[in-house]
Amino acid sequence: IVLGASIPGAVAYATPDTVAEAKAELDAIQAEITEIQEGYSAATEKLERSEAARVQAIADLAVQQEKVDNARSALGHVVRNTQQNDGIHVTVKMLTSPSIEEFLSNVATVQSVSSITADRLARFDDEKARLVELETTLNTAIAEVATQKANQEDLLADFEVKEADEIGR
């Protein structure tokens with residue numbers, strides 16, 4: 001037996017236990033590869049959803065920024081109109097009204113302007129708060145995309161290692 005193992009060109013035979021162990025190891029590696037492939041597919045789907053959420057957040061943010069800009073402009077118009085008011089302070093104008101009807105009309109105008117100003121200010125505040133909320137959503141989506149890309153890269157690296165192990169056996 002010793003002589004046969006040292007003769008060049010002699011064929012070495014594996015025992016059934018060695019073959020069974022090698023097959024079991026190969027099956028385990030293939031199972032790990034399958035698991036990694038499934039994880040990679042799931043990570044790809046999550047990445048696609050995260051990327052879609054990021055794109056939607058960018059679009060929502062642009063729309064909301066326009067709403068904030070419009071609300072700011074509307075508020076600015078009210079403030080400018082109130083300030084201009086023919087260069088006369090509203091209180092002076094009301095007190096110098098020649099009749100009670102004109103005084104009441106001026107009071108109604110002041111109340112209307114105040115109401116409009118308050119409404120536009122509230123709208124501006126609401127739109128601005130929504131903008132901040134959308135910015136947070138966008139930042140979350142960007143972080144999720146980065147996390148999913150990193151996860152996908154890790155799974156790909158694991159796959160390459162397992163594939164190399166399978167090829168090496």
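Student: What makes the meeting of the R130 and E133 side chains a salt bridge?

Tutor: A salt bridge is a side-chain nitrogen of Lys or Arg within 4 Å of a carboxyl oxygen of Asp or Glu. In this predicted model, R130 and E133 come to 2.6 Å, N to O, so the pair meets that rule. Side chains of opposite charge can pair when their charged atoms come close. Residues are numbered from 1 along each chain as its sequence is written. Local features need pLDDT of at least 70, and side-chain atom pairs pLDDT 80 or more, while totals for chains, interfaces and linings use all residues; side-chain values use heavy atoms, without hydrogens and water.

Student: Where do R130 and E133 sit relative to each other?

Tutor: Both are in helix α4, three residues apart, which means about one helical turn between them. A helix here is a DSSP run of H or I with at least four residues, numbered from the N terminus.

Student: Why is R130 called partly exposed?

Tutor: Buried means under 20% relative accessible area, exposed over 50%, and partly exposed in between (1.4 Å probe, protein chains only). R130 has 33%, so it counts as partly exposed. E133, with 44%, is partly exposed too.

Student: And what makes Q148 buried?

Tutor: Its relative accessible area is 6%, so Q148 falls in the buried class. Q148 also belongs to helix α4 (residues 100-168). Beyond its neighbours within four places in sequence, Q148 is in contact (heavy atoms within 4.5 Å) with A43, K46, L47 and S50.

Terms used: Helix = DSSP H or I, 4+ residues; strand = E, 2+ residues; numbered from the N terminus.
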